[in-house]
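Visitor: I am new to this structure and would like to learn how to read its features. May we look at it together?

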Amino acid sequence: VTGPAGEFRFADFGGQSSLTSIYAPRLTGTQSLDILINRNPMLTSVDLSALKEAGIVSISGNRELVDVKLPELTTVTNVFQITFNENLVGIFLPKLTTSSNEFQVYGNSNLQTLCAPNLEDGGSVCIGNESD
């Protein structure tokens, strides 16, 4: 499964979702696929182990999230954003080389480790506890 040219979206702006995990072991992605995982109050894990490329990766505002797996991700053509996931302690992106426009990791108050050893092109980079 390469994934659609469109959106892979799990967003709960009303705060009522009981979704606890996302597991898509065959989703490899496309350069125009947007991954949007936002404001899921019970979400604890995201496993996109086969994802290699996407247009946008946005994982934001999931207060119980502790685990994100993106071991094969190499390219994000627009925005890579992991923000305001207060229980997330580590982000490991061993193959990511490109996040062309923006690479943002902030507001994750318990984050201890961010590892992206092969990142060559991060566009506008923001890493920290604040957005500015």
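The dialogue below takes up confidence, strands, the core, salt bridges and single residues in turn.

Visitor: What kind of model is this, and how are its residues numbered?

Guide: This is a predicted model, in which local features need pLDDT of at least 70 and side-chain atom pairs count only at pLDDT 80 or more, while totals for chains, interfaces and linings use all residues. Residues are numbered from 1 along each chain as its sequence is written, and side-chain values use heavy atoms, with hydrogens and water left out.

Visitor: Where in the chain is confidence lowest, and where is it highest?

Guide: The term pLDDT stands for the predictor's confidence in each residue, from 0 to 100. The chain has an average pLDDT of 91, and 93% of the residues score at least 70. Strands are DSSP runs (E, at least two residues), numbered from the N terminus. Confidence is lowest in strand 12 (residues 124-128), with a mean of 81, and highest in strand 4 (residues 45-47), at 98.

Visitor: In what order do the strands of the open sheet stand?

Guide: Two strands pair if DSSP finds at least two bridges between them. Here three strands form an open sheet in the order 2-4-6, with parallel pairing. Strand 2 (21-23) and strand 6 are at the edges with a single partner strand each, so one side of each has no neighbour in the sheet. From one strand to the next the twist averages 5°, an angle taken between N-to-C directions on a scale from 0 to 180 degrees, with axes fitted to C-alpha atoms. Strand 2 is joined to strand 4 by three bridges, and I22 stands opposite V46 in strand 4.

Visitor: Which strands pair with strand 7?

Guide: Strand 5 is joined to strand 7 by seven bridges, and the two run parallel; V57 has F80 in strand 7 as its bridge partner. Strand 7 also pairs in the parallel sense with strand 9, over two bridges, where T75 stands opposite T98. With strand 10 the parallel pairing of strand 7 extends over five bridges, and Q81 has Q104 in strand 10 as its bridge partner.

Visitor: Is strand 7 mostly covered or mostly uncovered?

Guide: A residue is buried at under 20% relative accessible area, exposed at over 50%, and partly exposed in between (1.4 Å probe, protein chains only). Strand 7 is mostly covered, since seven of its nine residues are buried.

Visitor: Which residues have the most contacts inside the largest nonpolar core?

Guide: In soluble globular proteins, nonpolar side chains tend to be buried together. A nonpolar core is a set of buried Ala, Val, Leu, Ile, Met, Phe, Trp, Tyr and Cys residues joined through side-chain atoms within 4.5 Å. The largest one here has 27 residues, and I35, L48 and F80 have the most contacts inside it. Strand 3 (34-38), strand 5, strand 7 and strand 10 (102-106) each supply at least two residues of this core. Contact means heavy atoms within 4.5 Å. Leaving out residues up to four places away in sequence, I35 touches several residues, among them F8, L27, L48 and V57.

Visitor: How many salt bridges are there?

Guide: A salt bridge is a side-chain nitrogen of Lys or Arg within 4 Å of a carboxyl oxygen of Asp or Glu. By this rule there are three. R9 pairs with E7, their closest N and O atoms being 2.9 Å apart. K69 and D67 meet at 2.5 Å, N to O. E72 pairs with K95, at 2.8 Å between the closest N and O atoms. E72 lies in the loop between strand 6 and strand 7 (75-83), and K95 in the loop between strand 8 (90-92) and strand 9 (98-99), so this pair ties together parts that are 23 residues apart in sequence.

Visitor: Is N62 buried or exposed?

Guide: N62 is buried, at a relative accessible area of 0%. N62 is found in the loop between strand 5 (53-60) and strand 6 (67-69). Beyond residues up to four places away in sequence, N62 touches residues including I37, R39, L43 and F84.

Visitor: Where is P117 found, and with which residues is P117 in contact?

Guide: P117 is in the loop between strand 11 and strand 12, and counts as exposed at 57% relative accessibility. Neighbours within four places in sequence aside, P117 is in contact with L93 and P94.

Methods:
Helices (H or I, at least four residues) and strands (E, at least two) are DSSP runs, numbered from the N terminus.
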